[in-house]
Amino acid sequence: MKFATKAIHAGQEPDPTTGAVMTPIYQTSTYWQKAPGDHQGFEYSRGTNPTRQALENCLAALENAKYGLAFSSGMGATDTVMRLLQPGDEVITGNDLYGGSYRIFTKVYAKYGIKFHFLDLSKPENMLPYINDKTKLVWIETPTNPTMQIIDIEGVAKITKEKGLILTVDNTFASPYLQNPIDLGADIVMHSVTKYIGGHSDVVMGALLLNDDQLYKDLWFIYNACGATPGPQDAFLVLRGIKTLHLRMKAHCENGEKVAHFLKNHPKIDKIYWPGFEDHPNHDIAKKQMRGFGGMVSITLKGADLAETFRVASSFKVFTLAESLGGVESLINHPTTMTHGSIPKEEREKVGVTDNLLRLSVGVEDIDDLLADLAQALS
């Protein structure tokens, strides 16, 4: 099936009891057994639930994966991958990351003896000097949050396969509509489902998608044992959101492109980060591995101090000043005090996450209203 058809149908069959076209919300914690161990595939809803299972199968189909696991948050999914590691293991990751990922790496797992290398991965070979017999995992985002760095997934995967490492790709910014890391050699794809996949800013959820049988068994054990699994109501809402993912992403991409071009030569803008520009670093890689450039745009305000940046961020009327991204509504975010506040200032600024940087999640509103809002806020 093509993407749009999978988004609407994958993993979802008419309910066998009633014929309901929409997957029912199986609001139950436990399931009847004919005899001990003689059940219909469901025992307890921490481990399996029919609504969640339909969602996991749909997500796997969208990422061209065999297996899907849904979590109560993107950080729950991230945490589960980290639990594959042992004290003394090492991880290679990027130097521009979502603040929550940086926080769990440095404040939680580093305490258990796991070492993290935060590198410029714009060239895959940059990781080679850091790979040793203790290296077990490579974790990348592309595009990165918030400076939109592009990492060559296929190039990284070639190295990880040669070295026997697990490659996990956070595909949140692109969504499966624009990019499929498993097709490019990744072992695990992670999503903050909260964002584009859910798409309506009403659910917090994460997901892992993969093909390897043993890796799935290992992750499923942690998933069930540690219990960061979502309820059926949230799974139902995400299934509903997915049905318009292809339509929403087209609109996000169209509006994102127009916003980026509007801002590129604006007199109040110093730098703009959007991978669709030919002068964006690794634009050619983005063009090769993505089917569009998305709706995320970051900017720095020319000559603005923190007070002026706050004034601009608070001046929007259509864009909403808030955390998160990927909803149908346009959002504006100040990373250094919001999503990336847990990263030390000196580390943030090395990659350009400065106090005058704002991150735009361009929604699907009328483009004329969005451009007028940007014009008045920047005036």
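Predicted model: local features only at pLDDT ≥ 70, side-chain atom pairs only at ≥ 80, totals over all residues.
Biologist: Where is the place of Pro 146, in terms of helices and strands?

Modeller: Pro 146 sits in the loop between S4 and H5. S4 covers 135-141 and H5 covers 153-163, and Pro 143 is in the loop between them. Residues are numbered from 1 along each chain as its sequence is written, and side-chain values use heavy atoms, with hydrogens and water left out.

Biologist: What kind of peptide bond joins Asn 145 and Pro 146, and what kind joins Thr 142 and Pro 143?

Modeller: Asn 145 and Pro 146 are joined by a cis bond, with omega about 10 degrees. Thr 142 and Pro 143 are joined by a cis bond too, and there omega is about -5 degrees. Most peptide bonds are trans, and most residues other than glycine have a negative phi.

Biologist: What is phi for Met 148?

Modeller: Phi of Met 148 is near 60 degrees, a positive value in a residue other than glycine. Met 148 belongs to the loop between S4 and H5. Ser 201 also has a positive phi, near 55 degrees, and Ser 201 lies in the loop between S6 and S7.

Biologist: How do you know whether Lys 195 is buried or exposed?

Modeller: The relative accessibility of Lys 195 is 14%, so Lys 195 is buried. An unreviewed UniProt entry places the feature "modified residue: N6-(pyridoxal phosphate)lysine" at Lys 195; such positions are given in the numbering used here, with shortened feature names, and annotations may be inferred rather than shown by experiment. Lys 195 is in the loop between strand S6 (188-192) and strand S7 (206-210).

Biologist: Which residues does Lys 195 touch, not counting residues up to four places away in sequence?

Modeller: Lys 195 touches Thr 172, Ser 324, Leu 325 and Gly 326. A contact means heavy atoms within 4.5 Å.

Biologist: Is Asn 171 buried or exposed?

Modeller: Asn 171 has a relative accessibility of 0%, so Asn 171 is buried. You'll find Asn 171 in the loop between strand S5 (166-170) and helix H6 (175-178). Leaving aside neighbours within four places in sequence, the contacts of Asn 171 include Glu 63, Thr 142, Val 189 and His 191.

Biologist: What makes H3 largely enclosed by the rest of the structure?

Modeller: Eight of the nine residues of H3 are buried, so H3 is largely enclosed. Among the buried ones are Gly 74, Asp 79 and Met 82. Thr 78 lies in this helix, residues 74-82, and Thr 78 is buried at 0%. Leaving aside neighbours within four places in sequence, Thr 78 is in contact with Ile 104, Phe 105, Trp 139 and Met 190.

Biologist: Which domains does the assignment give?

Modeller: The assignment gives domain 1 (3-240) and domain 2 (245-378), with bounds from an automatic or database domain assignment. Taken over C-alpha atoms, the domain centres are 25 Å apart. Across the two, 43 residues of domain 1 are in contact with 43 residues of domain 2.

Biologist: Why does the second largest cavity lie where it does?

Modeller: Domain 1 and domain 2 both give residues to the lining of the second largest cavity, so this cavity lies between them. Its lining residues include Pro 143, Met 148 and Phe 293. On a 1 Å grid over the protein atoms alone, a cavity is a set of points where a 1.4 Å probe fits but cannot get out, a pocket is an open set with protein on both sides within 12 Å along at least five of seven lines, and lining residues have an atom within 4 Å of a point.

Biologist: How much space lies in the second largest cavity?

Modeller: About 30 Å³. Grid points are joined across faces, edges and corners, and a volume is the space filled by probe spheres set on the points. The largest cavity has about 40 Å³, while the largest pocket has about 460 Å³. Asp 15, Pro 16, Tyr 26, Phe 42 and Pro 50 lie nearest the centre of that pocket.

Definitions and conventions. Helix = DSSP H or I, 4+ residues; strand = E, 2+ residues; numbered from the N terminus. Buried < 20%, exposed > 50% of the residue type's maximum accessible area, 1.4 Å probe, protein only.
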